[in-house]
Amino acid sequence: MFETLTTKFEDLFYKIRNKGKLSPGDMDNALREIKLALLEADVNFKVVKEFLENVKEKATGEKVLESITPYQQVVKIVNEEIIKMLGSGSGGISFSSGGPTIIMMVGLQGTGKTSSVIKLANFIKVRFNKKVSIVAADIYRPAAVLQLEDMAKNINVDVFYQGNLDPVSLSLKGIELFKKTGSDVIIIDTAGRLQVDDVMMNEIVNIRKRINPHQIYLVLDAMTGQEAVNIAYGFNQKVECDGIILTKLDSDTRGGAALSVYYVVKKPVKFISNGEKIDDFDIFYPERIASRILGMGDVVTLVEKAEKIVSEKEAKIIEEKIYRNELNFEDFISQLKSIKKIGSMDKIFSMLPFTNKNKVFKKINLDDSYIIRIEAIINSMTIEERRKPHIINGSRRKRIAKGSGSSVSEINKLLKQFDKTRQMLKQFSDANGKFNLPF
Amino acid sequence: MQKLIKNLNFIWNKFKNDRRLFWDEIEEQMVASDISISTTAKILDEVKKIAYSENIDNPERIKSLIKGEIIKILGNGKNFNLNISAMPPTVFLIVGVNGTGKTTSVAKLASMFKKNGKKVLISAADTYRAAAVEQIQHYAEKLKLDIVYHQKFSDPGAVVYDSMEKAKAREIDLVIIDTAGRMQTSHNLMEELIKVKKVITGRINRNVDEILLVVDSTTGQNAKNQAEIFNNSLSLTGIILTKTDSTSRGGIVITIKNDLNIPIKLVTDGEKLDNISYFDPVKFTDSLFS
């Protein structure tokens, strides 16, 4: 339905692939696409600007420009930056050592505070085996207390509410009561309010002053637009928040608000909520939201996987060997093994964004059994034969065929192909020994 | 002579840079209002054409050109009237994702029409959310309105059927149906709404008079996905833009109108029941640049 960053990059890559290297102008185009992707994901425009400056610095290094997959490298840097920011300090919850841990939830109207209170209560109860209680301090919205009580029944958690009390007294009295009944965690649900409503904001300031909560969570709708920065700033100014609970991630929102908020208040997303069920609630994993914000998925994983398996040093050695026409069967099999480590051929090609478009890929019929057979043949060669393929004469071929359970004609075919490949690769590598892929 | 050319170049470039800065600033302001990038580009292209051909470089005049383009997209006031049937009861179906303010909007709409002397019935077809019925009941009592509700988790289609029956028996002018919030990505819940719509059309033998999507003005680009998918399932007649008292501008509704041609009909802006009004494109557009 929407053009994702992946397809845009695919087009860009397609356009410049014959040029070989990326020019600084190409890099600007790539950064522009990222800018658009981030804006479409609701990342605040000021944040986008700052963020891209950061990325540009990291991405203009030679490493990226001379990489064989420069755009993917740029995306990878962006992705890493997002994860780095969103990931710092996230993950889990800390409990107070003396007395019950008091958690206060704040946020705008309709972000999902009440549902999050219940989900968090259930999460703590189930995961940490703690006794959790709730104070219903939203005295404004009709039936808000009833909603809380109704949902709390399902998870067997006590709710405190008393009709004639203001939110501050309610919180104080509730905490006093639940301390006596031995609660480990007490969660205070507050009414939704605008961060610019002074009267209402003073109310949570007062609650905070009087009850001194251990944790204050801002509940943020993942669909929030450009204003997310001001909302988070407003709340954080008045009641310093410890983290964000990001809700409604079961929608198809890209969730850029999470990034905006981090930039402004430097507070991590602690939990996410992603469905109508009580256990649709989890600890926040930055990787998931990062690729969501960028509107792409597997290329990042692929580049990462390939990087883990083939070190840069190894790649350099291969490049040089190709240039000097010294590539041998030892290199060949180590390359094959690397590819196999990444996954099956189908899987690798499905991860590549341009698979469907590029006719070359459609023509190549790489199936895994073919690779296994080649491997068997090479494994039946002696070390010397692998290093110096030209010494493989008739009797050696017979022996290799027998050892690998194949025929001599198959060995001949492989040797011929290998020779051709070696020549072809030599053609694609330029005078500097840099290797350019033929597609 | 060389020096003069150099100076002229300098002035020209400075002017050009200022101009670029000016356009960049305008663009940022529009994006900051949650207008989509494509709509922003479309509007600015149009305005640049006019500005360059007529040699307009006064920022205020350019801003008013932009406002003019936005108002052109949003349409004039005549489209915003709610459709009232000649054969009562008129039926309004209120839909949207979770937390946008559907129930409050239903109460506000009911209050508005009651003030105009209409007999209003509220149909509590949100049978899912805990205490949703109690919330709308509270409003119905406050406004002294008829209400039809069933048990929790009962079939919303059945609630709507009963509501239509009761409306006929009591000679009700307007039935307003509150539905459960649902993510546009939830296929089953969207199907449920299609069924509810069928129940209504089956009873009144015409299209539902208004099917209004409630859009939270703090929502960003996802509001367009919401409008698109709800529209595909239900053929929306308009939008209620809520929480316009927040600091968000709600500019995504311009994109929704531009791309999907769904008009904004009402705006709400506060906790009180009379914080609702018909959409005013001029006022709305002014607020984008204030």
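Tutor: Two residues are in contact if their C-beta atoms, placed from the backbone, lie within 7 Å. The model discussed here is predicted.

Student: How many residues of domain 2 of chain A are in contact with domain 1 of chain A?
Tutor: Chain A is divided into domain 1 (5–89), domain 2 (101–283) and domain 3 (310–428). Domain 1 of chain A brings 14 residues to its contact with domain 2 of chain A. On the domain 2 side, the number is 16 residues.

Student: Which helices of chain A each supply at least two residues of the side of domain 1 that touches domain 2?
Tutor: By class, this side of domain 1 of chain A has eight nonpolar, three polar and three charged residues. The elements of chain A that each supply at least two of its residues are α2 (24–40), α3 (45–59) and α5 (70–87).

Student: Is strand β2 of chain A largely enclosed or open?
Tutor: A residue is buried if 20 or more other C-beta atoms lie within 10 Å of its own. V132(A), I134(A) and A136(A) point one way from β2(A), S133(A), V135(A) and A137(A) point the other way, and all are buried. Because six of the six residues of β2(A) (residues 132–137) are buried, the strand is largely enclosed by the rest of the structure.

Student: Which residue of β4(A) is the bridge partner of S133(A)?
Tutor: β2(A) pairs with β4(A) (residues 185–190) in the parallel sense, over six bridges. In that strand, the partner of S133(A) is I186(A).

Student: What is the handedness of the β-α-β unit that β2(A) makes with α7(A) and β3(A)?
Tutor: β2(A) and β3(A) (residues 158–160) are parallel and share three bridges. One of the bridge pairs joins I134(A) to V159(A). With helix α7(A) (residues 144–154), the two strands make a β-α-β unit that is right-handed.

Student: Which element gives the most to the side of chain B that touches chain A?
Tutor: The contact takes 30 residues from chain A and 32 residues from chain B. Two or more residues on the chain B side come from each of α1 (2–32), α5 (132–143) and α8 (222–234) of chain B. The element that gives the most, with four residues, is α5(B).

Methods:
Residues numbered from 1 in each chain as written. Chains lettered and ligands numbered in written order. Predicted model: local features only at pLDDT ≥ 70, side-chain atom pairs only at ≥ 80, totals over all residues. Buried ≥ 20, exposed ≤ 12 C-beta atoms within 10 Å, placed from the backbone. Pairing = 2+ DSSP bridges. Right-handed = clockwise from strand over helix to strand, strands pointing away. Domains from an automatic or database assignment. Nonpolar A, V, L, I, M, F, W, Y, C, P; charged D, E, K, R; others polar.
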